[in-house]
Amino acid sequence: MVKRLQNKVAVVTGGSVGIGQATAFLFAEEGAKVVIANPSEPSGEQTAHDIRSQGGDAIFILADISNEDDCRRACDEAVRNFGQLNILVNNGAVFILKGLEATVADWQRMLAVNVMGTALMAKFASEHMKKAGGGSIVNLGSISSFVAQPSFITYSSTKGAILGFTRSLAKNLIEKGIRVNGVAPGPIWTPLNPSGGQRPVKIPEFGKDTPMGRPGQPNEVAPSFLFLACEDASYMTGQVLHPDGGESTSS
């Protein structure tokens, strides 16, 4: 059976942990050469090493996506190492568990990474995709773009911005043969949760209020990125998939 990403090159931001890591592994299994762009060197190097040890092809690039030069370099390095760039997974993000008590610095950090980082990576990746005759960009959204999450207004706001960005960019790039879609997960159990992504008192009940009664796992989200990145989704652009345990049905 032909691998769905054979001869493709994919950049995955935040690809060393959680959903990004699961996506990087799945893409490699499907034949893609994977570039992991991440601000943490040890975990990024380890993930690339693990992919190679399993027969895949991957490199790590140290990059903070809130930095324009790092975004440009990540995309350029993908082409320099593998000859082209076909897929961008905009998974990199930060999460600050705050509402209106968030400081200006909190807002600036989240906007710089979650919104501007997503836009900058799309800008530089699309320039290479145009030269390759097209490509696919998949942005990480959130259930909080569709269902109100009053305890973290900052994060919800940035993910709402990504939803609008995804739809607008899809129309902007379609004539260049570049599809742009999004994935909006619900409660997914990742290392972020016990390290500040959830208040400790809420961790035992995390995800239990979904119709499925449990949180999802990163490997239950990665297939959505794969589908939108490959030719199976060749007639889809400006769309969002919802691996959320049915939570969005309550909106």
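A residue is called buried when its relative accessible area is under 20%, exposed when it is over 50%, and partly exposed in between (1.4 Å probe, protein chains only). This tour applies those words to a predicted model, in which local features need pLDDT of at least 70, side-chain atom pairs count only at pLDDT 80 or more, and totals for chains, interfaces and linings use all residues. Residues are numbered from 1 along each chain as its sequence is written, and side-chain values use heavy atoms, with hydrogens and water left out.

**Stop 1: the segment before β1**

Select asparagine 7, which belongs to the segment before β1 (9–13). Helices (H or I, at least four residues) and strands (E, at least two) are DSSP runs, numbered from the N terminus. Most residues other than glycine have a negative phi. Asparagine 7 is not a glycine, yet its phi is positive, at about 70°. Is asparagine 7 buried or exposed? Its relative accessibility is 54%, so asparagine 7 counts as exposed.

Next, select arginine 4 and glutamate 30, which form a salt bridge with their closest N and O atoms 3.1 Å apart. This pair links distant parts of the chain, 26 residues apart: arginine 4 is in the segment before β1, while glutamate 30 is in the loop between α1 (18–29) and β2 (33–38). A salt bridge here is a side-chain nitrogen of Lys or Arg within 4 Å of a carboxyl oxygen of Asp or Glu. Side chains of opposite charge can pair when their charged atoms come close. Arginine 4 is partly exposed, at 42%, whereas glutamate 30 is buried, at 14%.

**Stop 2: helices α1 and α2**

Now display α1 together with helix α2 (residues 41–53). Two packed helices are described by the angle between their axes and the distance between the axes. For α1 and α2 the angle is about 25° and the axes are 10 Å apart. Axes are lines fitted to C-alpha atoms, for helices over the stretch in contact, and angles run from 0 to 180 degrees between N-to-C directions. Angles under 35 degrees count as roughly parallel, over 145 as roughly antiparallel, 65 to 115 as roughly perpendicular and the rest as oblique; α1 and α2 are therefore roughly parallel to each other.

Which residues of α1 and α2 meet? Gln21, Ala24, Phe25 and Ala28 in α1 meet Thr47, Asp50 and Ile51 in α2, where contact means heavy atoms within 4.5 Å.

**Stop 3: helices α3 and α4**

Select lysine 123 and glutamate 68, whose side chains meet in a salt bridge (4.0 Å, N to O). Lysine 123 is in helix α4 (residues 104–131) and glutamate 68 in helix α3 (residues 68–82), so the pair ties together parts that are 55 residues apart in sequence. Lysine 123 is partly exposed at 41%, and glutamate 68 is partly exposed at 35%.

Then move along helix α4 to histidine 128. Histidine 128 is buried, with 15% relative accessibility. Neighbours within four places in sequence aside, histidine 128 is in contact with Cys75, Asp76, Val79 and Leu85.

**Stop 4: glutamate 220**

Finally, select glutamate 220 and arginine 214, whose side chains meet in a salt bridge of 2.8 Å, N to O. Glutamate 220 is partly exposed at 36%, and arginine 214 is partly exposed at 38%. How many salt bridges does a search of the whole structure find? The search finds nine.
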